[in-house]
Amino acid sequence: MLRNEEIKTLVEALPYLRDFKGKTVVVKYGGNAMLNDDIKTKVLQDIVFLQCAGLRPVVVHGGGPEITAMLGKAGKKTQFVSGLRVTDAESVGIAEMALVGKINTDLVARLNVLGGRAVGLNGKDSGLIRAKKHLADVYENGEVNLVDIGYVGNVEKINTELLEVLLDNDFIPVIAPTGVGANGETYNINADSVAGEIAGALKAEKLLVLTDVKGIYADYRDEASFISTLSFEKAQELIIRGNIDGGMIPKVKACITALSGGAKKTHIIDGRAEHTILMEIFSDEGVGTEVVKEL
């Protein structure tokens with residue numbers, strides 16, 4: 001039975017439920033929120049709630065820790081460049097097994113048990129994610145150098161028709177971030193990048209990127225420098241200046257990509273805290289960093 005304060009919270013959320021009904025929300029799910037079963041359940045409950053409330057959620061998941069573990073069992077070390085995993089021919093096959101064969105099917109099963117209508121997808125399904133080789137950006141002394149990091153891809157095109165059919169029929173697409181090249185080759189694509197491309201292609205109302213910190217900091221070494229709202233021009237400036245570093249770089253770039261493609265708003269939030277998805281969408285204050293096209 002709902003308590004009085006819970007009923008009050010639902011009533012306060014009514015204007016947001018009305019405004020966002022029928023709108024598409026892309027959730028990039030990854031980080032430590034995927035490792036703890038209790039947190040995982042709460043995140044997936046939020047996603048099912050969105051569907052029950054009349055929104056159209058799309059989930060793009062990562063799987064870095066699982067890929068790292070499987071690579072370790074195969075005797076392969078993990079190396080990152082600009083927050084992206086260096087991936088040789090053997091590693092991309094292992095990554096595909098982890099992302100598609102294990103993580104994706106697990107999330108789909110959990111969402112369906114919770115009352116959702118989830119369908120698992122990867123980039124090869126009806127050419128959902130067309131990809132080409134990615135060269136990593138390495139920022140040094142204010143200059144950008146391009147580095148080949150193997151079977152890591154850039155998104156060339158998203159098959160929005162497939163996603164729209166699923167969303168129109170009240171399904172939750174759950175997408176593993178693998179892409180397919182012109183010759184059928186597999187590319188491992190950073191999940192943040194895929195989420196940004198999908199949010200832009202769908203003209204999503206919101207992109208929510210779950211991570212392991214509160215949001216964006218003006219200086220990643222100083223939690224007191226937390227930023228609640230910033231433009232994507234300022235976000236790009238922080239990357240170039242080195243104030244945003246490592247794994248946060250592709251998350252911020254995903255927000256820039258989504259907004260450039262037509263998404264309305266983007267948010268970077270702490271996936272480890274309870275129900276941050278709902279708090280970010282259904283409140284004025286929010287709980288993370290909102291990245292917008294213009295302030």
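Author: Buried means under 20% relative accessible area, exposed over 50% and partly exposed in between (1.4 Å probe, protein chains only). This is a predicted model, in which local features need pLDDT of at least 70 and side-chain atom pairs count only at pLDDT 80 or more, while totals for chains, interfaces and linings use all residues. Residues are numbered from 1 along each chain as its sequence is written, and side-chain values use heavy atoms, with hydrogens and water left out.

Reader: Thanks! Is Lys 40 buried or exposed?

Author: Lys 40 belongs to helix H3; helices (H or I, at least four residues) and strands (E, at least two) are DSSP runs, numbered from the N terminus. Its relative accessible area is 8%, so Lys 40 is buried.

Reader: Which residues is Lys 40 in contact with, leaving aside neighbours within four places in sequence?

Author: Contact means heavy atoms within 4.5 Å. With neighbours within four places in sequence set aside, the partners of Lys 40 are Tyr 29, Ala 33, Met 34, Asp 106, Leu 107 and Arg 110.

Reader: What is the relative accessibility of Tyr 29?

Author: Tyr 29 sits in strand S1, residues 24–29. Not counting residues up to four places away in sequence, Tyr 29 touches Lys 40, and other residues it meets include Val 43, Leu 44, Val 59, Val 60, His 61 and Leu 210. Tyr 29 counts as buried because its relative accessibility is 0%.

Reader: How many Å separate the C-alpha atoms of Tyr 29 and Lys 206?

Author: Along the chain, Tyr 29 and Lys 206 are 177 residues apart.

Reader: At roughly what angle do the axes of helix H3 and helix H5 cross?

Author: Axes are lines fitted to C-alpha atoms, for helices over the stretch in contact, with angles from 0 to 180 degrees between N-to-C directions. For helix H3 (residues 37–52) and helix H5 (residues 89–113), the axes come within 10 Å and cross at roughly 65°.

Reader: Which residues of H5 make the contact with H3?

Author: By class, this contact of H3 with H5 has five nonpolar, one polar and four charged residues (Ala, Val, Leu, Ile, Met, Phe, Trp, Tyr, Cys and Pro count as nonpolar, Asp, Glu, Lys and Arg as charged, and the others, Gly among them, as polar). H3 brings Asp 37, Lys 40, Thr 41, Leu 44, Ile 47 and Val 48, and H5 brings Asp 106, Leu 107, Arg 110 and Leu 111.

Reader: How are H7 and H9 placed relative to each other?

Author: The axes of helix H7 (residues 191–201) and helix H9 (residues 248–261) come within 7 Å and cross at roughly 15°. Angles under 35 degrees count as roughly parallel, over 145 as roughly antiparallel, 65 to 115 as roughly perpendicular and the rest as oblique. H7 and H9 are therefore roughly parallel.

Reader: Where is Ser 126 placed?

Author: Most residues other than glycine have a negative phi. Ser 126 is not a glycine, yet has a positive phi of about 55°. With 54% relative accessibility, Ser 126 is exposed. Its place is the loop between strand S5 (118–121) and strand S6 (129–140).

Reader: How many disulfides does the structure hold?

Author: A disulfide is a pair of cysteine sulfur atoms within 2.5 Å. Cys 52 is exposed, at 63% relative accessible area, whereas Cys 255 is buried, at 0%. The number of disulfides in the structure is zero.
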